[in-house]
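Trainee: Could you take one part of this model and walk me through it closely? I'd like to see how its surroundings connect, step by step.

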Amino acid sequence: MKLYGLKNCDTCRKALKTLCNVEFIDVRADGVPTTVLEAAFDAFGSALVNTRSTTWRQLSEDERAQAPLELLKAHPTLMKRPLIEANETLYLGWAKDTQTAFG
């Protein structure tokens, strides 16, 4: 199982504390593999882009108008977190439905 997130993200920390045998990938330091990013975008669409993030607020209107995948490749911290890859299934966020899937 892999968890893509940020080491200083409280939600990612909560998920890491709960999950066992998880490999943490810091998207700021390591990025997200293109294949994983594309699969996540196919599964979650524009919900993958966190429009409430500091990174989003710092983007210009021209940058915000880019295709979501291009934006996420250029700014991986824009991704909603955590993105969890387990048994070839992707989960986004740490809401009750995701927690239940691992409960």
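Mentor: Let's start with Arg-13, which counts as partly exposed because its relative accessibility is 42% (buried is under 20% relative accessible area, exposed over 50%, partly exposed in between, with a 1.4 Å probe and protein chains only). Keep in mind that this is a predicted model, in which local features need pLDDT of at least 70 and side-chain atom pairs count only at pLDDT 80 or more, while totals for chains, interfaces and linings use all residues. Residues are numbered from 1 along each chain as its sequence is written, and side-chain values use heavy atoms, leaving out hydrogens and water.

Arg-13 sits in helix 1, residues 10–18 (helices are DSSP runs of H or I with at least four residues, strands are runs of E with at least two, and both are numbered from the N terminus). Setting aside residues up to four places away in sequence, Arg-13 touches Lys-7 and Asn-8 (contact means heavy atoms within 4.5 Å). From C-alpha to C-alpha, Arg-13 is 9.2 Å from Pro-82, although the two are 69 residues apart in sequence.

Thr-77 has a relative accessibility of 12%, so it counts as buried. Beyond its neighbours within four places in sequence, Thr-77 is in contact with Leu-6, Val-27, Arg-28 and Thr-55.

Val-27 brings us to Val-32, which touches Val-27 along with Tyr-4, Leu-37 and Met-79, again not counting residues up to four places away. Val-32 is also among the residues with the most contacts inside the largest nonpolar core, a set of 27 residues; Tyr-4, Leu-37, Leu-48, Leu-72, Met-79 and Leu-83 are the others (a core joins buried Ala, Val, Leu, Ile, Met, Phe, Trp, Tyr and Cys through side-chain atoms within 4.5 Å). Two or more residues come to this core from each of strand 1, helix 1, helix 3, helix 6, strand 3 and strand 4.

Now follow Leu-37 into helix 3, residues 34–44, whose buried residues are Val-36, Leu-37 and Ala-40. Viewed down the axis of helix 3, these buried residues fall within an arc of 100 degrees, so they line one face (the arc is taken over directions from the helix axis to the C-beta atoms). An α-helix has 3.6 residues a turn, so residues three or four places apart point the same way. The buried residues of helix 3 pack against strand 1 (2–5), helix 6 (68–74), strand 3 (83–86) and strand 4 (89–92). On the face turned away from the buried side, helix 3 carries the exposed residues Thr-35 and Asp-42. After helix 3 comes Gly-45, with a positive phi near 60 degrees.

Phi is near 50 degrees for Asn-87 and near 65 degrees for Glu-88. Most residues other than glycine have a negative phi, and most peptide bonds are trans. Asn-87 counts as exposed because its relative accessibility is 79%, and Glu-88 is likewise exposed, at 83%.
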